Amino acid sequence: MHTVRTVCAHDCPDMCSLLVHVDQGRVVKVEGDPGQPFTAGFACGKVNRDGDLVHSPDRLATPLRRTGPKGSGQFAPITWDEALDTIETTWKRIIAESGPEAILGYAYSAHQGLMNRGLTNGLFHALGTSRLLGGTVCDSCSEAAWEAAVGPVGGADPESLDASDLVVCWGADLHATNVHVWAKVEHARKRGVKLVVIDPRRTRAAANADLYLPIRIGTDSALALGVMHILVRDGLADRAYLAQHTLGFERVEAEILPRFTPAYVAEVTGLAVADIESFAAWYGAAKRSFLRIGFGMSRFTHGGQNLRTVALLPGVTGAYGRWGGGALCATASAFGLNYGAVRKPSGPAQARTVNHLKLGEALLEETDPPIRALFIAANNPAVTNPDTAKMRRALAREDLFTVVHDPFLSTTARWADLVLPATTYLETEDFFRAYGTYYMQWANQAVPPQGEAWSNFRLTQELARRMGLADPVFRMSQREILGELFQGATGKLAEIDPATLPEAGPVSIADSAETFQGQVFGTPSGKLEFYSATLAAQGLPALPDWQPDPEAAKQAGPGRLQLLTTPGYFQSHTAFTGNAFLRAREGAPCAVLHPDDAAARGLSHGQTVRLSNDRGSVALVLHVREEVRPGVVLVPGQRPDEEAVEGTVNMLCGDGFTDMGAGATYQSTWLEVRAA
Ligand SMILES: Nc1nc2c(c(=O)[nH]1)N[C@H]1C(S)=C(S)[C@@H](COP(=O)(O)OP(=O)(O)OC[C@H]3O[C@@H](n4cnc5c(=O)[nH]c(N)nc54)[C@H](O)[C@@H]3O)O[C@H]1N2
Ligand SMILES: Nc1nc2c(c(=O)[nH]1)N[C@H]1C(S)=C(S)[C@@H](COP(=O)(O)OP(=O)(O)OC[C@H]3O[C@@H](n4cnc5c(=O)[nH]c(N)nc54)[C@H](O)[C@@H]3O)O[C@H]1N2
Ligand code: SF4
Ligand SMILES: [Mo]
């Protein structure tokens with residue numbers, strides 16, 4: 001038995017350092033590494049069981065070639081040589097006939113490693129194929145909104161929570177997606193720090209909060225403006241901070257805030273005036289209020305405006321200037337690594353880009369040239385992309401040569417011509433930087449590849465060789481590439497010798513209480529932008545405001561409910577589908593209704609219901625509880641059809657864009673719910 005120090009590669013802000021106990025090539029235990037101060041010796045309930053994922057009986061053992069109709073899941077085993085020969089000859093033929101843009105290939109986020117994810121994208125960049133504009137199914141709206149207000153910089157360090165005097169968890173379900181921040185919050189509460197939760201779902205944190213605001217979906221900017229209104233009214237705005245570090249607040253104060261009276265905000269958000277007043281009073285009294293902003297509030301038409309407005313709030317009290325205060329949305333922008341060395345080793349400056357959300361549409365409709373070959377690694381768009389019916393119609397195209405690289409026969413893989421067995425992260429080595437903390441870490445390989453699985457990294461390098469790419473990065477080892485990532489580093493990064501990283505364990509680039517000089521703003525003005533000329537230039541409102549979702553006018557109607565889609569506690573998208581224990585812990589895919597909405601439809605807990613709209617219908621088990629307010633139907637997680645009574649939630653969601661960042665609008669979805 002021996003122990004290997006590695007890093008969790010799942011798509012999660014925490015980026016835990018892990019200790020993996022290995023016996024005769026098998027993972028026998030995964031635990032948190034006590035040597036990582038933030039993730040502090042515990043892994044979440046999903047990853048504790050990643051041994052089961054590595055050794056799952058459902059793992060793909062060999063490459064597969066399709067033998068039945070697309071989507072039928074009928075395959076026969078083939079050798080790696082046969083599979084690679086087929087890919088090489090098909091891609092070369094397509095490039096000769098139609099040019100490289102007739103191919104689209106990518107790796108997405110299920111492996112967060114900078115090499116296993118980055119180099120696969122680098123392969124397609126170098127080939128000059130069509131490129132995926134990634135992140136739009138996830139955080140591109142949040143990122144654009146944060147950048148409009150704060151700039152392309154990180155936010156408050158979650159380790160500063162030790163100094164906070166108020167915690168506001170705004171649209172972030174910490175027990176599901178950020179358990180180590182929750183641990184910090186629990187410590188803070190032992191010191192008497194209050195917790196406010198603002199979420200349309202009564203999450204576990206909400207049920208424990210000192211103040212829970214069950215906000216109506218999509219009305220966050222109204223609440224933030226209402227709080228600003230009260231702060232100004234009550235003389236709680238930090239005028240010195242506003243004058244020195246922000247731009248345009250006087251216009252917000254004159255033109256916007258007068259409308260956002262507590263009474264109006266209560267009407268829009270569905271909250272009680274007294275609760276809005278309490279929240280504003282606590283927020284105004286706090287010096288070091290820590291705001292954790294989740295992506296949930298960004299997932300509809302005006303999502304960007306919501307998140308941007310919330311991100312402006314700590315500027316009004318000056319919390320951005322104090323250690324323990326401010327806001328954390330994501331930290332990834334703070335790491336100025338030389339990503340281009342891996343992601344863009346060579347290739348044309350311009351190539352056709354396809355928004356991830358519109359992948360189905362592009363496969364069906366692009367003509368110049370049509371996309372004839374598709375390569376997908378670490379993504380399951382047949383379940384997780386909106387408008388999955390369109391996505392599946394595209395995957396069903398007989399003339400589309402589809403290769404899927406995955407440790408499991410995912411729903412998407414069922415539509416492939418070739419399926420290639422991938423390693424899980426515990427079978428590879430890589431380098432990571434977090435998106436919810438300021439740590440970086442080298443990850444060792446814990447166990448050898450299972451069956452005939454290849455890592456993304458190995459597959460990419462072999463395909464690059466076969467396609468005749470000469471870039472050195474396709475022949476370097478992971479350790480050699482580490483040096484490339486630090487080329488041209490400045491600031492804290494420049495102090496790090498990359499050669500030491502494989503032995504170094506977790507390395508932080510964060511400030512400390514002593515060195516922190518206030519939130520840095522990376523906007524064009526160098527200030528927190530209440531007025532954004534950048535947004536104005538895009539035809540968006542330059543000042544924060546709230547408007548009803550235009551989709552409501554089209555889709556909402558008598559008896560219709562708005563969709564609330566949230567992360568699963570024991571499932572992260574479909575990444576843990578291969579773990580039977582976690583599937584059972586999460587329970588059968590369900591829809592949750594408020595008792596009033598269930599009663600109005602004559603529905604009862606436990607029965608099967610059908611959720612439907614113009615796009616389609618899915619059948620799920622009904623749960624009736626006061627976890628959501630009336631008017632909302634909650635569907636936790638994105639579960640594959642095989643687990644549900646019928647279908648998957650994204651069959652009901654459209655592929656329209658958010659106002660900022662061209663992101664997904666899953667929650668701009670209204671539905672009927674009736675007995676199945
Ligand atoms: N267990 C688990 N962990 C995960 C994931 C998972 O699926 N499961 N996914 C991973 C990935 S890929 C990502 S991007 C991150 C996602 O991280 P986030 O998107 O930040 O997810 P949450 O933090 O749970 O935030 C969603 C919360 O927002 C709430 N919400 C929805 N609409 C609104 C609204 O209009 N206003 C407000 N105030 N709140 C709203 C939801 O009820 C939910 O509680 O998590 C990662 N971690
Ligand atoms: N309705 C609705 N839909 C959503 C969301 C929502 O909130 N609501 N959230 C969206 C968000 S935030 C995201 S990020 C997306 C996530 O969407 P996906 O990226 O599709 O997420 P996963 O289900 O994790 O799929 C990843 C696939 O990668 C495979 N995989 C795991 N590790 C590796 C590896 O090392 N190599 C390879 N080649 N494959 C690997 C897994 O087995 C799985 O099949 O979903 C989005 N979809
Ligand atoms: S909390 Fe996140 S980073 Fe940590 S083990 Fe779980 S999924 Fe991985
Ligand atoms: Mo995501």
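Residues are numbered from 1 along each chain as its sequence is written, and chains are lettered from A and ligands numbered from 1 in the order in which they are written. Because the model is predicted, local features need pLDDT of at least 70 and side-chain atom pairs count only at pLDDT 80 or more, while totals for chains, interfaces and linings use all residues; side-chain values use heavy atoms, with hydrogens and water left out.

Across the whole structure there are 40 salt bridges, each being a side-chain nitrogen of Lys or Arg within 4 Å of a carboxyl oxygen of Asp or Glu.

| Pair | N to O distance |
|---|---|
| R5 and D33 | 2.6 Å |
| K29 and E31 | 3.8 Å |
| E366 and R352 | 3.2 Å |

R5 is partly exposed at 30% relative accessibility, whereas D33 is buried at 4% (buried means under 20% relative accessible area, exposed over 50%, partly exposed in between, with a 1.4 Å probe and protein chains only). A network of salt bridges links D81, D85, E88, K92, E462, R465 and R466.

In helix α10, residues 249-256 (helices are DSSP runs of H or I with at least four residues, strands runs of E with at least two), the buried residues are F249, V252 and I256. Seen down the axis, these fall within an arc of 70°, so they line one face of the helix, the arc being that of the directions from the helix axis to the C-beta atoms. The face turned away carries the exposed residues E250 and A254.

Ligand 3 is surrounded by residues including C8, C12, C16, C44 and H180, each with a heavy atom within 4 Å.
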